[in-house]
Amino acid sequence: RLHRIACIPGDGIGVDITDAAIRVLTTLSSTLGGFEFDFTTFDWSSDNYLSRGYYMPSDGLSQLRAFDAIYFGAVGSPAVPDHISLWSLILPIRKALNQYVNVRPTRMLQGVKSPLGECATEDLDWVIVRENSEGEYSGQGGVSHEDTAHAVATEVSVFTQVGIERIMRFAFETAKGRPRKKLTMVTKSNAQRHGKFPHLIPTEESVLGGFFLVAHGGLGMVLWDKVFYEVAKDYPDVEIDKMLVDAMTVRMVLHPKTLDTIVATNLHADILSDLAAALSGSIGIAPSSNLDPTRANPSMFEPIHGSAPDIAGKGIANPVGAFWSAAEMVRWVGEEKAADGLMKAIENVTARGVKTKDLGGSEDTKGVTDAVCQEIEDL
Ligand code: NAI
Ligand code: MG
């Protein structure tokens, strides 16, 4: 079985961890046999943007469509404004390839300590299901009177019935497939209420200066709540509850054991998954899968962290999130046994205390990668 993988290392530590992931995946296929990876690397970095003027070439998305899966490092450079790099590369790929689900599992790995103190494997074992196509990252909005004292900028969250329903179904299916069958839904629907969109009213008294439009009403998170309860009717065996995002951060820290599967909007899940990663040891270990569940397009796998310019080029990035993401990719392309083997190898290595500095260890990226490759060979 041949799996064609598009690799986009991107910037900063994205390059180091993608190299490490390719090494581990190559070791995995040659050791276990029965399948092979054919990697094609796309150099769509910020450096190239600065020299050529673009990240992806104009046919970039159609090039990606020819692959079975995409492996992504990270994008972002101090030399390019972050909204340009994200909106030139990662966000267009997620949207164009219909990757409307972002799955972010978090659990305590053997040998890893939580900043919460004593935290056994069963105390923190979550899957965050992030809506990945709309909401706060819809790309709708604009700025008027830019560069004046009266500038007004809007970033409009768009929630659609179709968009909410499909993420809810995925989240319920995920919860149903896990032992505890528990789903917690997160919004901020008390404040980000359902308004008539786009309901903008001109105002003379506006604090914004007297002649601008102000948004009246709000975002569509009440619709999100409504669809959640509608879809819940099809899953009577899944236990549900609802949280506001601010209280959710507290619950994650104080009562981690009460949570299992979590579904949240694009922005909220983005924030909660960084917190989840930190609580489980480090942002450097957390994986993510950008999935097109219809499988009409390739899905994309990447650690949740960014390009970490503060440690880029030092060879000390934690590659565990990259390996875990690679394991999710291996599972998605149908190599279940190899995915389990890779996870076991990763966990054997952390259990032995072979860890990077962010996890309290003293190894570098190469040291951890060598150890994981060795574990794979010893499986
Ligand atoms: P970041 O995740 O890159 O770094 C946050 C902190 O965590 C830094 O102190 C970093 O050193 C540490 N860290 C991250 N990954 C690590 C790893 N594997 N091992 C050890 N330490 C690790 O987030 P930040 O600093 O907010 O963003 C840096 C750049 O990355 C920005 O340009 C941002 O836009 C971009 N970014 C890109 C993402 C993507 O490509 N999907 C996601 C998040 C941020
Ligand atoms: Mg993030």
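**Strands, sheet and helices**

Guide: Let's start with one pair of strands: strand S8 (residues 182–187) and S11 run parallel and are joined by six bridges. In that pairing, Met185 has Lys242 of S11 as its bridge partner. This is a predicted model, where local features need pLDDT of at least 70 and side-chain atom pairs count only at pLDDT 80 or more, while totals for chains, interfaces and linings use all residues. Residues are numbered from 1 along each chain as its sequence is written, and chains are lettered from A and ligands numbered from 1 in the order in which they are written.

Visitor: How are strands and helices named, and what counts as pairing?

Guide: Both are DSSP runs numbered from the N terminus: helices are H or I with at least four residues, strands are E with at least two. Two strands pair if DSSP finds at least two bridges between them.

Visitor: What is the order of strands in the open sheet?

Guide: The ten strands follow the order S2-S1-S3-S14-S13-S4-S5-S12-S8-S11, with mixed pairing. Strand S2 (36–41) and strand S11 (239–244) are at the edges with a single partner strand each, so one side of each has no neighbour in the sheet. From one strand to the next, the twist averages 25°.

Visitor: Which helix lies across S8 and S11?

Guide: That is helix H8 (residues 245–254), running at about 110° to S11. Helix H9 (residues 266–279) also packs on the sheet, where it touches strand S4 (101–107), strand S5 (125–131), S8 and strand S12 (261–264). Contact here requires C-beta atoms, placed from the backbone, to lie within 7 Å.

Visitor: How do I read two packed helices?

Guide: They are described by the angle between their axes and the distance between the axes. Axes are lines fitted to C-alpha atoms, for helices over the stretch in contact, and angles run from 0 to 180 degrees between N-to-C directions. For H8 and H9, the axes come within 11 Å and cross at roughly 15°. That makes H8 roughly parallel to H9, because angles under 35 degrees count as roughly parallel, over 145 as roughly antiparallel, 65 to 115 as roughly perpendicular and the rest as oblique.

Visitor: Which residues of H8 and H9 meet?

Guide: Val245, Met248, Thr249, Met252 and Val253 of H8 meet His268, Leu272, Leu275, Ala276 and Leu279 of H9.

Visitor: At what angle do helix H6 and helix H7 cross?

Guide: Helix H6 (residues 161–176) and helix H7 (residues 221–232) cross at roughly 45°, with axes that come within 9 Å. H6 and H7 are therefore oblique to each other.

How values were computed:
Two residues are in contact if their C-beta atoms, placed from the backbone, lie within 7 Å.
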